[in-house]
Number of protein chains: 2
Amino acid sequence: MTRKELIENIRRKKSFLCVGLDTDIKKVPAHIAEGPDPIFTFNKAIIDATADYCVAYKPNLAFYESFGAEGWVALEKTVKYLRENYPDQFIIADAKRGDIGNTSQLYARSFFEHLGVDSITVAPYMGQDSVTPFLGYPGKWVILLALTSNKGSHDFQLTKDESGTPLFEKVISTSSQWAGPDEMMYVVGATQGRMFEDIRRVAPQSFLLVPGVGAQGGSLEEVCKYGMTADCGLLVNSSRGIIYASSGEDFAEKAAEEARKLRDQMADELSKHGIL
Amino acid sequence: MTRKELIENIRRKKSFLCVGLDTDIKKVPAHIAEGPDPIFTFNKAIIDATADYCVAYKPNLAFYESFGAEGWVALEKTVKYLRENYPDQFIIADAKRGDIGNTSQLYARSFFEHLGVDSITVAPYMGQDSVTPFLGYPGKWVILLALTSNKGSHDFQLTKDESGTPLFEKVISTSSQWAGPDEMMYVVGATQGRMFEDIRRVAPQSFLLVPGVGAQGGSLEEVCKYGMTADCGLLVNSSRGIIYASSGEDFAEKAAEEARKLRDQMADELSKHGIL
């Protein structure tokens, strides 16, 4: 999906919501967990219930890998189902990969060609030649970890270099020489509030994928205040708050309710910033 | 596998060789590629040919993931085959994972419980709570990326902080507060030669997993000169140089030859350093 298409979808749907498909068999309602093909069955129900309110889905690979080969099959089915039924959804493989060049090339092939997602999250630690193999696929994106939403983000990401620049800013400014804002986004946690100002100085145009709203405590309003651009420039992810809104038979209905609430707040923010 | 067992295996086999199972279907000999179950068939032949000369095997997950669910099945079969036939081999899942706490927990479960490997490579960018979920499994190890063997390692890993400490050293010194040298190792590329001296200052006891000897140009002698400890403290990996030593029907025989050559050099180094 191109940047232009993504922005059009955001305007049309009045939403920049990404639903995180962090499907944990232990949290899936009992009637699904005990039935056939529980992971895909759950995902399909969540997708059908929430697709009107979001522009993106983000399966986190860890949840699928934890079931080995069976989990991969469920992931492949989920991506195929999205592609066939909701072609306007942007699909993010939240994989946080990154390896030496020839290996990253294989990951790129695996995610973009075999699995067929629009984008993959990549860890920056190994530098340019671990990231560039993911670039150059038309309509495909790299989403590079910059400032994450967890406590451990303070261990290295905020470390200042000799000129006083924190590592996450160096990651953004260095990597923006490898690719433009039409094929690279950055992960920036919502829990980092005011830091969005710093990030917009080094990445004025880039889309930011923002986890940490909801369960992890980040505020949508604050993210928009400091992070929104004239093109929106944000994909805000919610996982647990939506997909586990209820553990009963009404789980899909409750997921839709939570997604709709977020969409409504997002529509307000888009209006407030003159984007709708 | 405990640290004590690993060191015993190194002494007994006079080797600290790790064979990288970077099995690429495009490089597998034609008679295997065209047969049934090519990835596992190739791995099994390589393992049977080289097990006498090495103490560890390291499948890189990218190569298996590039075949989706089918690749995972081949990986599971490979690990099971090693466990059942060569229980003294240390198995490294070269996965370079790292995610927020509850997700890293799933990866740990997936690799240590489901797949059953001894260790997993982890990327440090997201900090403590992305690494610690992999700790505390008896006999299991985290192998943290510190200074990698690729060109891109210069982009961020060598960035000096305000006190002049490069990031890779900060990663080692900070993370050594999370776990001791009996459950954490570090990846340090052989291409970084003299840097092993700096690393031994911050990680005097830790095992280092060293890629980059051979195909990537690193020198075994230099690695041993600057990196070897009284317990050896090294696992030196070779992938392409061994497993693709020949593309003909004699591939396994040639792989054994290359592995034996490296084992012989390693036996010399172990003697030279008074370890045998």
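# Charged pairs, rings and cysteines

Asp37(B) has a relative accessible area of 32%, so Asp37(B) counts as partly exposed (buried is under 20%, exposed is over 50%, and partly exposed lies in between, for a 1.4 Å probe and protein chains only). The model is predicted, so local features need pLDDT of at least 70 and side-chain atom pairs count only at pLDDT 80 or more, while totals for chains, interfaces and linings use all residues. Residues are numbered from 1 along each chain as its sequence is written, chains are lettered from A in the order in which they are written, and side-chain values use heavy atoms, without hydrogens and water.

What does Asp37(B) meet in a salt bridge? The partner is the side chain of Lys77(B), at 2.3 Å from N to O (a salt bridge is a side-chain nitrogen of Lys or Arg within 4 Å of a carboxyl oxygen of Asp or Glu). Asp37(B) sits in the loop between α2 (30-33) and α3 (38-50) of chain B, and Lys77(B) belongs to helix α5 (residues 68-85) of chain B, so the pair ties together parts 40 residues apart in sequence (helices, H or I with at least four residues, and strands, E with at least two, are DSSP runs numbered from the N terminus). Lys77(B) is also partly exposed, with a relative accessible area of 33%.

Over all chains, the structure holds 40 salt bridges. One of them joins Asp88(A) to Lys13(A), with the closest N and O atoms 3.8 Å apart. Asp88(A) is found in the loop between α5 (68-85) and β3 (90-97) of chain A, and Lys13(A) in helix α1 (residues 3-13) of chain A, so this pair ties together parts that are 75 residues apart in sequence. Asp88(A) is partly exposed at 22%, whereas Lys13(A) is buried at 11%.

In another salt bridge, Asp118(A) pairs with Arg83(A), and the closest N and O atoms are 2.8 Å apart. This pair links distant parts of the chain, 35 residues apart: Asp118(A) is in the loop between α6 (101-115) and β4 (119-122) of chain A, and Arg83(A) is in helix α5 of chain A. Here Asp118(A) is buried, at 5% relative accessible area, and Arg83(A) is partly exposed, at 29%. A network of salt bridges links Lys58(A), Asp94(A) and Lys96(A) with Asp99(B).

Next come the aromatic rings. Phe40(A), Tyr81(A) and Tyr86(A) make up one aromatic cluster.

The structure has zero disulfides over all chains (a disulfide is a pair of cysteine sulfur atoms within 2.5 Å). For Cys54(B), the nearest cysteine sulfur is that of Cys18(B), 7.5 Å away. Cys54(B) is buried at 0% relative accessibility. Cys224(B) is likewise in no disulfide, and its nearest cysteine sulfur, that of Cys232(B), is 7.2 Å away. Cys224(B) is buried, with a relative accessible area of 0%.

Conventions:
Rings of Phe, Tyr and Trp (its six-membered ring) pair if their centres lie within 6.5 Å; planes under 30 degrees apart count as stacked, over 60 as edge-to-face and the rest as tilted.
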